[in-house]
Amino acid sequence: MGATTLGVIAGCSGQLPGSGDGGGREVTPRSTVTAEPDTSVNLTAASGTIRPAPETSTTNWMYEGQFPGPELRVQEGDVLSVELTNDLQAKTTIHWHGIPVANPMDGVPNVTQDPIDSGETFTYTFRAEPAGTYFYHSHVGLQLDRGLFGPLIVEERSPHVEYDREYVVIVDDYLPEEPELPSDGGMGGDGGMGGGGGMMGDVRPPYEGLLINGRLPADPPTFEVAEGERIRFRFVNAGSATVFGVRIAGHEMTVTHADGRPVEPIDVDSFVFGAGERYDAVIEATNPGTWAVQANALDGNEPPARAVVEYESASGGSPQSPSSASNRLQYGDLQAISSLDGVSGEPDRTFDLTLSRGRGQSYTWTIDGQAYPDADPLQIRPDEHVRIRMTNRSPVVHPMHLHGHFFQVGDAIKDTVIVPGHRGQVTIDFHADNPGRWLFHCHNLYHLDAGMARVVRYVE
Ligand code: C2O
Ligand code: CU
């Protein structure tokens, strides 16, 4: 698996892209649940108008006319059925980010299903487990950056932390126009923010601000709290190309979950997360006043996204900003409460993968020199302990996401992990316990759309 593969890799004409014949007989996926759903929901995807601040309006794509889409909330182990109606002038799908659903329900176009035509419906049914903070989003092209996402909360039957109330906090980058890939190799130098610019750097979409729960800082959402309460915040990074740093003024955060999975509680004053990652954190409301929740872009210069924590007793006034972060969460701090099965000892199979910018004229991002869909599947066998070692040969971070499985990274269990730029290395381990074809990709949407993805394929 050299990092130096050059030239065009033969496509797989006549077959599903990226899932082409890497040899071996494919293993049949787990079948879809047939039990009566505990919860049934209809979601219609359609274009509409959003007003992220009083003076600002734009056309967005939305579920049920809401931005972010409606919160789906179920109990751990419940069967959830979602009928998606496509009222867009484009094909679409929904992916249930982080939940290890049966493969046919995973919502990846041309890999797990045909994309849903305009005017058509498709019903997704799956068992919602394990408990955690998730989100759902379109998996077609750049539709996520047009607004097609919403929170999906799977409540635990017995939480390992106590809290009195909770709020979902979705951070996002705000693109009021139609998203598109850079037309050339990004060498034009017009606003490359990724550090370095030029061939190896990156071009950031022209974001016009940063959002919390669909609101610009001019009109922030308010989270009411009462003195003495413990408040659980479920933070989701639904941005398409932004790494966020998050702080809450006047309060320490106790991080309790990473990507939905419980961790030993750890006290911090800030954390950083990439596209697709989630953290849950609890604060103790012992410091009355009006305080800012702030999420700033590490890779952009837009003003920070904002929300307000307001005590019932507070007399209004403008919220106090957080002081600079000094005790930031590190991956090494995360200690999963229960370990992942099937990943102890030496792996049965190891992939060494290089993440880098494509070398051609066009804007591409590659894994081992190949740009999806013209890319070989990563073939694994059922029940294997699989290790993926990633080396990032570009200067920009890549939040890498594996569908259908959680993985072990250090002592944490996650489904999305940042691989730092400038030769950053991250190793993940997972148990091959969910047969099918699963996408493994960068959750920077522009990197994904420009090729930074592979299909993980189960063969006999
Ligand atoms: Cu949220 Cu394929 O990802
Ligand atoms: Cu990337």
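View 1. With 0% relative accessibility, histidine 398 counts as buried. Cysteine 442 also has a relative accessibility of 0% and counts as buried. A quick word before going further: this is a predicted model. Both residues belong to the set that coordinates the copper ion (ligand 2), made up of His398 through ND1, Cys442 through SG and His447 through ND1. The coordinating distances run from 2.0 to 2.1 Å.

View 2. For anyone setting up a search pattern, the donor residues of the copper ion (ligand 2) follow the spacing H-x43-C-x4-H. Histidine 398 sits in strand E24 (residues 398–402), while cysteine 442 sits in strand E29 (residues 437–442), so this pair ties together parts that are 44 residues apart in sequence.

View 3. As for its setting, proline 130 is found in the loop that joins strand E6 (121–127) to strand E7 (132–137).

View 4. The bond from tyrosine 372 to proline 373 is cis, and its omega is near 10 degrees. Proline 373 occupies the loop between strand E21 (365–367) and strand E22 (378–380).

**View 5. Aspartate 383 has a positive phi.** Although aspartate 383 is not a glycine, its phi is positive, at about 75 degrees. This residue lies in the loop between E22 and strand E23 (385–392). Is aspartate 383 buried or exposed? With a relative accessibility of 56%, aspartate 383 counts as exposed.

**View 6. Histidine 422 also has a positive phi.** Phi is about 55 degrees for histidine 422, which is not a glycine either. You will find histidine 422 in the loop between strand E27 (416–419) and strand E28 (425–431). Its relative accessible area is 62%, so histidine 422 is exposed.

View 7. The domain assignment divides the protein chain into domain 1 (39–158), domain 2 (166–333) and domain 3 (349–458). Between domain 1 and domain 3, the C-alpha centres are 23 Å apart.

**View 8. What makes up the interface of domain 1 and domain 3?** The two domains bury about 1,600 Å² between them, and 62% of that area is on carbon and sulfur atoms. On the domain 1 side, Asn103, Val111 and Leu142 supply 33% of the area buried against domain 3, more than any other three residues. How many salt bridges link domain 1 and domain 3? The count is zero. Polar contacts are present, however, with 11 residue pairs found across this interface, both residues of each pair being at pLDDT 80 or more.

Conventions:
Residues are numbered from 1 along each chain as its sequence is written. Chains are lettered from A and ligands numbered from 1 in the order in which they are written. This is a predicted model: local features need pLDDT of at least 70, side-chain atom pairs count only at pLDDT 80 or more; totals for chains, interfaces and linings use all residues. Side-chain values use heavy atoms; hydrogens and water are left out. Donors are N, O and S atoms within 2.8 Å of the metal (3.2 Å for Na, K and Ca); water is not among the atoms, so sites may look incomplete. Helices (H or I, at least four residues) and strands (E, at least two) are DSSP runs, numbered from the N terminus. Buried means under 20% relative accessible area, exposed over 50%, partly exposed in between (1.4 Å probe, protein chains only). Domain bounds come from an automatic or database domain assignment. Buried area is the accessible area (1.4 Å probe) that two parts lose on being put together, summed over both. A salt bridge is a side-chain nitrogen of Lys or Arg within 4 Å of a carboxyl oxygen of Asp or Glu. A polar contact is a pair of N or O atoms within 3.5 Å; within protein, one must be able to donate a hydrogen and the other to accept it, and residues adjacent in sequence count only if both atoms are side-chain atoms.
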